[in-house]
Amino acid sequence: LELSIGRQLSRERSNRLTHDYNALSLQYDKINKEQTSDFMNTANFTTAGIKMHSRRRKVSYSFGASWQHVLLEGKIIARTEDSVIARRFNNILPEMRVQYNLSRMNNLSLTYNTQTMQPQLSQLQPVPDISRLPDVKLGNPGLKQQFTHALSLNFTKVEIFKGKSLFALVSFNQTGNKIASYDSTSNTGIRYSRPVNVNGVYDIMARTGMGMRAPFIDGQLRFSMHGAYSHDKQFSNGKENLVNIVRLGPSLAIDLYPGEKTAITLAASLDISLANYSLQPALAAKYLVQAYDVAVDCELPYHFYFNTGFTYTLNSRRSAEFNSQVPLWNVSLSKQLLKHHRGELKLNINDLLNQNTGISQSASQNFIEYRETMALRRFILLSFTYNLSKTGLAKN
């Protein structure tokens, strides 16, 4: 029997000062009262739970529930209007896990748990945020918290002496009172966005994989497949917009052992994403990412170790400026030192070709985002690590 109790407190403050141009001083020192505010909030979480555990030779299980109390308190000190927010939430969060052992290395498990996500105080505040015109963010003081039910089924089978493994995972998440966006656009082009609660939101994920000894080489063959589907919704000018996003793709890897002190891995993966919007089917997006990897680990004489990894990523079916090919090559050389090999001196060269880029794409409720960020490119790092354990630094 397990009893638990917990208490968590967090505080946050955001002071936003906005200045306009002052024609008298010829400087930006004139306070914009509508866009200046001082925001303070406190979140208190109290939990108490009870859980029962049982283990048998074939079956083990646990089940229980916890009580959760959340108190959100916030104060917005604006130059035009002050407001105080206080919201309380009480929940019972059940959880359960059952595992059936078909054999010592072969089992099937079923897990169920629940969790909540509280609305941010910035989403509850009644003061409009007009700092990014023409986009105006409105608050919703009546916003409820999200409540998610998560169910997963997992199967694992390992045959050590035959070098075989198999796993499969299926999960289902359903969220009630999901916080979504209610968007509207005025005749003057100003876009208003307000958070609201919606139901009927869920996502499904499945993944399976297997590993086996490769009969034609001295190595291991690994294959996996993943797929995910999410059903979300938001609103645009009073109309419901259903958002369906699908992701799937395979991956294949081969582990080679040409000698006792050398390991080589070759891998390839493909990720396909499709996003559809019920209000604007013409904006449906499809893009894919290919990745090819080569990794080499080698133990050299006198306790030297050499490691290198090369990844070639291809992003395609995006807008023309975001189609990219990124070669990333990392190299390292290390030397184990001291008694029991507790010390390691390592020289690492990151992005040897100096080609790294920070390009990414994601599909969301009501937009598709292309992002390019400044990425840390080639650099050289010399490090020393000392391990307090007598076993020293383990090498894979």
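**A close look at the strands**

Mentor: Among contacts in the protein between residues at least 6 apart in sequence, 57% join residues at least 24 apart. Keep in mind that this is a predicted model. The protein has 396 residues, and 31% of them count as buried. Its secondary structure comes to one helix and 24 strands. The accessible surface is about 24500 Å², and carbon and sulfur atoms hold 57% of that.

Start with serine 109. Serine 109 sits in strand 7, which covers residues 106-117. Serine 109 counts as buried because its relative accessibility is 4%, and the cut-off for buried is under 20%. Leave out residues up to four places away in sequence, and serine 109 touches Arg97, Val98, Gln99, Ser152, Leu153 and Asn154.

Take Arg97 from that list. Arginine 97 belongs to strand 6, residues 82-103. Arginine 97 is partly exposed, with a relative accessible area of 35%. Beyond residues up to four places away in sequence, arginine 97 touches Ser60, Tyr61, Ser62, Ser109, Leu110 and Thr111. With threonine 111 there is a polar contact, side chain to side chain, at 3.1 Å.

Now take Ser152, another residue that serine 109 touches. Arginine 97 and serine 152 are 55 residues apart along the chain. Their C-alpha atoms are separated by 9.6 Å.

Next, the strand pairing. Strand 7 pairs with strand 10, residues 146-159, in the antiparallel sense. Twelve bridges join these two strands. One point to find on screen is leucine 108, whose bridge partner in strand 10 is phenylalanine 155.

Strand 10 also pairs with strand 11, residues 164-176. This pair runs antiparallel too, over 13 bridges. Here phenylalanine 147 stands opposite glycine 176 of strand 11. Strand 10 and strand 11 form a hairpin with four residues between the strands. Glycine 163 takes a positive phi in this hairpin, near 70°.

Strand 11 leads on to the aromatic rings. Phe172 falls within residues 164-176 of that strand, and ring pairs link Phe172 with Tyr202 and Tyr229 into a cluster. A search of the whole structure finds five aromatic pairs. One of them is tyrosine 21 with tyrosine 28, at 5.1 Å centre to centre and 65° between the planes. That geometry is edge-to-face. Tyrosine 21 is partly exposed at 42% relative accessible area. Tyrosine 28 counts as exposed, at 61%. The pair of tyrosine 202 and tyrosine 229 is tilted, with 6.2 Å centre to centre and 50° between the planes. This pair links distant parts of the chain. Tyrosine 202 is in strand 14 (residues 201-214), and tyrosine 229 is in strand 15 (residues 219-236), 27 residues apart. Tyrosine 202 is partly exposed, with a relative accessible area of 28%. Tyrosine 229 is also partly exposed, at 28%.

Then the nonpolar cores. The largest has twelve residues, including Phe39, Phe45, Leu72, Ile85, Phe89, Leu143 and Ile179. Strand 4 (37-55), strand 5 (59-78), strand 6 and helix 1 (121-124) each supply at least two residues of this core. Strand 6 is also where arginine 97 lies. In soluble globular proteins, nonpolar side chains tend to be buried together.

Look at leucine 143 in that core. Setting aside neighbours within four places in sequence, leucine 143 is in contact with Arg87, Phe89, Pro119, Gln123, Leu124, Ile179, Pro195, Val196 and Asn197.

Strand 20 (residues 324-337) and strand 21 (residues 343-350) pair antiparallel over seven bridges. Valine 331 stands opposite isoleucine 349 in strand 21. Their hairpin has five residues between the strands, and leucine 338 takes a positive phi near 70° there. Strand 21 also pairs with strand 24 (residues 379-386), antiparallel and over eight bridges. In that pairing, glutamate 344 has threonine 385 of strand 24 as its bridge partner.

Conventions: Residues numbered from 1 in each chain as written. Predicted model: local features only at pLDDT ≥ 70, side-chain atom pairs only at ≥ 80, totals over all residues. Heavy atoms only, no water. Phe/Tyr/Trp six-rings, centres within 6.5 Å; stacked < 30°, edge-to-face > 60°. Buried < 20%, exposed > 50% of the residue type's maximum accessible area, 1.4 Å probe, protein only. Contact = heavy atoms within 4.5 Å. Polar contact = N/O pair within 3.5 Å; in protein donor to acceptor, adjacent residues only side chain to side chain. Pairing = 2+ DSSP bridges. Areas by Shrake-Rupley, 256 points an atom, 1.4 Å probe, with all protein chains shown as cover. Core = buried A, V, L, I, M, F, W, Y, C linked by side-chain atoms within 4.5 Å.
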